[in-house]
Amino acid sequence: MSDNLGFLIGDISRLIRRTFDKRAKVIGVTRPQWRVLTWLQRHEGINQVALAEMLELDAMTLCRMVDRLQAAEMVERRPDPRDRRAWQLYLTPKGTALTEQLTPIGEQLLQEAMHDLAIKDQQQLQDLLELVRSNLQDIDDIDLAAKRMVHGG
């Protein structure tokens with residue numbers, strides 16, 4: 001194998017993001033915006049703290065991003081009924097329409113990236129990568145649980 005698998009996956013991810021960024025710019029979306037909108041589409045009603053953790057951002061950085069998205073009428077904050085101090089985040093119709101424009105851009109890019117792979121090979125690649133992700137998630141969950149035990153959390 002010529003490249004370390006981790007390096008190869010990282011490089012593929014970087015190239016996908018860079019190409020997607022160029023294509024998404026045409027509709028006026030920055031990478032931070034599309035990341036927030038895409039995650040929000042998958043997890044509507046999530047609070048800002050949990051979304052910041054998912055995106056691996058500090059809470060203040062996400063807060064400023066959400067402020068801008070709210071000012072652009074793409075995201076709506078609603079009070080969290082379980083916590084008076086927290087806000088739940090939802091896409092507005094404008095935000096939903098924008099994510100619907102982003103989806104075909106991503107699908108087209110992945111089709112182009114895998115055009116030389118047979119359909120069965122594409123499915124096998126997806127299945128294998130999902131297994132790797134699941135294994136890594138399990139490792140991360142175990143590490144997090146161990147950290148909590150050590151620190152009494």
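This is a predicted model: local features need pLDDT of at least 70, side-chain atom pairs count only at pLDDT 80 or more; totals for chains, interfaces and linings use all residues.
Local features need pLDDT of at least 70 and side-chain atom pairs count only at pLDDT 80 or more, while totals for chains, interfaces and linings use all residues. Residues are numbered from 1 along each chain as its sequence is written, and side-chain values use heavy atoms, with hydrogens and water left out.

To start with the surface, L5, L8, I9, I12, I16, L110, L117, L125 and L129 make up a nonpolar patch with about 700 Å² of accessible area together. Patch members have over 30% relative accessible area and no salt bridge; like charges are joined within 9 Å and nonpolar side chains (Val, Leu, Ile, Met, Phe, Trp, Tyr) within 5 Å. Areas come from the Shrake-Rupley method with a 1.4 Å probe, and for residues only the protein chains shown count as cover. Helix α1 (5-25) and helix α6 (119-151) each supply at least two residues of the patch, and α1 gives the most, with 5. Helices (H or I, at least four residues) and strands (E, at least two) are DSSP runs, numbered from the N terminus.

L110 sits in helix α5 (residues 93-113). With 41% relative accessibility, L110 counts as partly exposed, a class between buried (under 20%) and exposed (over 50%), using a 1.4 Å probe and protein chains only.

Then there is the largest pocket, with a volume of about 2,200 Å³. Of its 38 lining residues, S13, I16, R42, L110 and R133 are the closest to the centre. A pocket here is an open set of points on a 1 Å grid over the protein atoms alone, where a 1.4 Å probe fits, with protein on both sides within 12 Å along at least five of seven lines; lining residues have an atom within 4 Å of a point. The volume is the space filled by probe spheres set on the points. Helix α6 gives the most to this lining, with 11 residues.

As for charge pairs, the structure holds 8 salt bridges, each a side-chain nitrogen of Lys or Arg within 4 Å of a carboxyl oxygen of Asp or Glu. R14 pairs with D11, with the closest N and O atoms 2.5 Å apart; both lie in α1, 3 residues apart, about one turn of the helix. D67 pairs with R77 at 2.8 Å between the closest N and O atoms. Since D67 is in helix α4 (residues 59-71) and R77 in strand β1 (residues 75-80), this pair ties together parts that are 10 residues apart in sequence. R77 is buried, at 15% relative accessible area, whereas D67 is partly exposed, at 37%.
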